[in-house]
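The structure is shown first.

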Amino acid sequence: MSDLTVPALPTVRERPLDPPDEVTRLRQQGGMHRMTYADGHAGWLVTGYSAARAVLADPRFSNRPENMHPPIPGRLAAGKELRERGFQPPPGFFLRTDPPEHTRYRKLLTGQFTVRRMKLLEPRIEEITASALDAMEAAGPPADLVQDFALPIPSLVICELLGVPYEDRARFQDDSKILVNLETGAEEAIAAIGRVFAYLYDLIKRKREHPADDLISGLIEGGELKDDELAGVSFLLLVAGHETTANMLALGTYTLLTNPGQLAVMRGDPGAVENAVEELLRYLTIVHLGPIRTATEDVEIDGHLVRAGESVTLHLPAANRDPDRFPGGDTLDLTRPAGGHLSFGHGIHQCLGQQLARVEMRIAYPALLRRLPGLRLAVPPEEVPMRSDMSIYGVHRLPVTW
């Protein structure tokens, strides 16, 4: 542990693909550091791999929002204001729950996201990817890769999986952006959540009357969830199912186009794509401001005592570059055996849709590079707007030509 208490969570990136330099320096000093939170709470910042993995695996750390403290002002701090107003996460939004509540919801969904089921989706994902590329070629360059490729593919996939009409995507995409924006205040967040839930309640009502072969209809048929729980589950899957993968596709492409040597590796060996995707996931780690856990009792982590009630912020981008686990981890190397990263989390809250995200990336990256061999940035790299203001990192826009 470093000797000094970190006065606040460092968030300013000196280079778009690297964690803040101050975080890297902290990681070099040790895996755990005392940190002062935005509300004055004396908690912890974890920058080391072993400590982060230990916290994520330990059931004595709670994921419930009422136990957390905000590591930065702004949107994350707005969560405290929401709780003070009596706002609670909706039933079914199991990301912010602990066992046994979390276990109940997770069990209902685990079978829907197995490797085997995701394998069956590959032909359809290939069709969706090809369709997006057809539209890009027909329109001609330049293009915004976010709007024309990275966002449509996972959005259409998750819509079809859940049973959400794709033509309704604007009903949730705009509000998703509001909810992951770090500057969104409590009033705006409540309004965005209300709009999405109003839409989902109406959709669930329609599916009760006219069920189809999709996940929401299947959950309705199972009979274990009430409408508010169905809406909460659907809300979580809908937002997480397109925000994360869309940003990995866009940021990953930006990374490849600004690293010609690594781009050649991705293009040169189709058999290396699976490992290359894992290395991009590790190196980029788009969940860049958390997760946050709170100790429910005194816990020793890597030789440091975390007392009951203390919040712990995990800096996953730093942990995923810890040289004790990934030697030379500050360098992108698509040939590196990159398994074991924490980009999808670890423990009981490990990302439910991770296999779907992997399939989408393994299909989309090679298809894009194969179809558009002359793909390149249409602006200087420093002019690409980064999502530093969002809880999910990436690029706001990616102007490309070919």
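## A partly exposed glutamate and its partner

Glu160 has a relative accessible area of 35%, so Glu160 counts as partly exposed. The model is a predicted one. Glu160 forms a salt bridge with Arg124, and the closest N and O atoms are 2.6 Å apart. The pair links distant parts of the chain, with Arg124 in helix H6 (residues 122-139) and Glu160 in helix H8 (residues 152-162), 36 residues apart. Arg124 is partly exposed as well, at a relative accessible area of 33%.

## Overall fold and dimensions

The chain contains 16 helices and 10 strands. A compact globule of 402 residues would have a radius of gyration near 21 Å, and the chain agrees because its value is 21 Å. The C-alpha trace spans about 60 × 55 × 35 Å along its principal axes.

Of the contacts in the chain with a separation of 6 or more, 73% are between residues 24 or more positions apart.

## Burial and surface

Of the 402 residues in the chain, 54% are buried. The accessible surface of the chain is about 16,900 Å², and carbon and sulfur atoms hold 52% of that surface.

## Charges

The chain carries 43 positive and 54 negative charges, and their mean positions lie 2 Å apart. Side chains of opposite charge can pair when their charged atoms come close. The structure has 26 salt bridges.

Asp330 and Arg27 form a salt bridge in which the closest N and O atoms are 3.2 Å apart. Asp330 sits in the loop between helix H15 (316-319) and helix H16 (354-371), and Arg27 in helix H1 (residues 21-29), so this pair ties together parts that are 303 residues apart in sequence.

Arg27 has 10% relative accessibility and therefore counts as buried, whereas Asp330, at 33% relative accessibility, counts as partly exposed. Both residues belong to a network of salt bridges that links Arg15, Asp18, Asp21, Arg27, Arg321 and Asp330.

## The Glu229–Arg104 pair

A salt bridge joins Glu229 to Arg104, with the closest N and O atoms 2.7 Å apart. Glu229 is in helix H12 (residues 227-257) and Arg104 is in helix H4 (residues 101-110), so the pair ties together parts that are 125 residues apart in sequence.

Which member of this pair counts as buried? With 9% relative accessibility, Glu229 counts as buried. Arg104 has a relative accessible area of 35% and is partly exposed.

Technical notes: Residues are numbered from 1 along each chain as its sequence is written. This is a predicted model: local features need pLDDT of at least 70, side-chain atom pairs count only at pLDDT 80 or more; totals for chains, interfaces and linings use all residues. Side-chain values use heavy atoms; hydrogens and water are left out. Helices (H or I, at least four residues) and strands (E, at least two) are DSSP runs, numbered from the N terminus. The radius of gyration is taken over C-alpha atoms; the globule rule is 2.2 Å times the number of residues to the power 0.38. Buried means under 20% relative accessible area, exposed over 50%, partly exposed in between (1.4 Å probe, protein chains only). Contact means heavy atoms within 4.5 Å. Accessible areas come from the Shrake-Rupley method with a 1.4 Å probe; for residues, only the protein chains shown count as cover. Lys and Arg count as positive and Asp and Glu as negative; His and the chain ends are not counted. The place of a charge is taken as NZ of Lys, CZ of Arg, CG of Asp or CD of Glu. A salt bridge is a side-chain nitrogen of Lys or Arg within 4 Å of a carboxyl oxygen of Asp or Glu.
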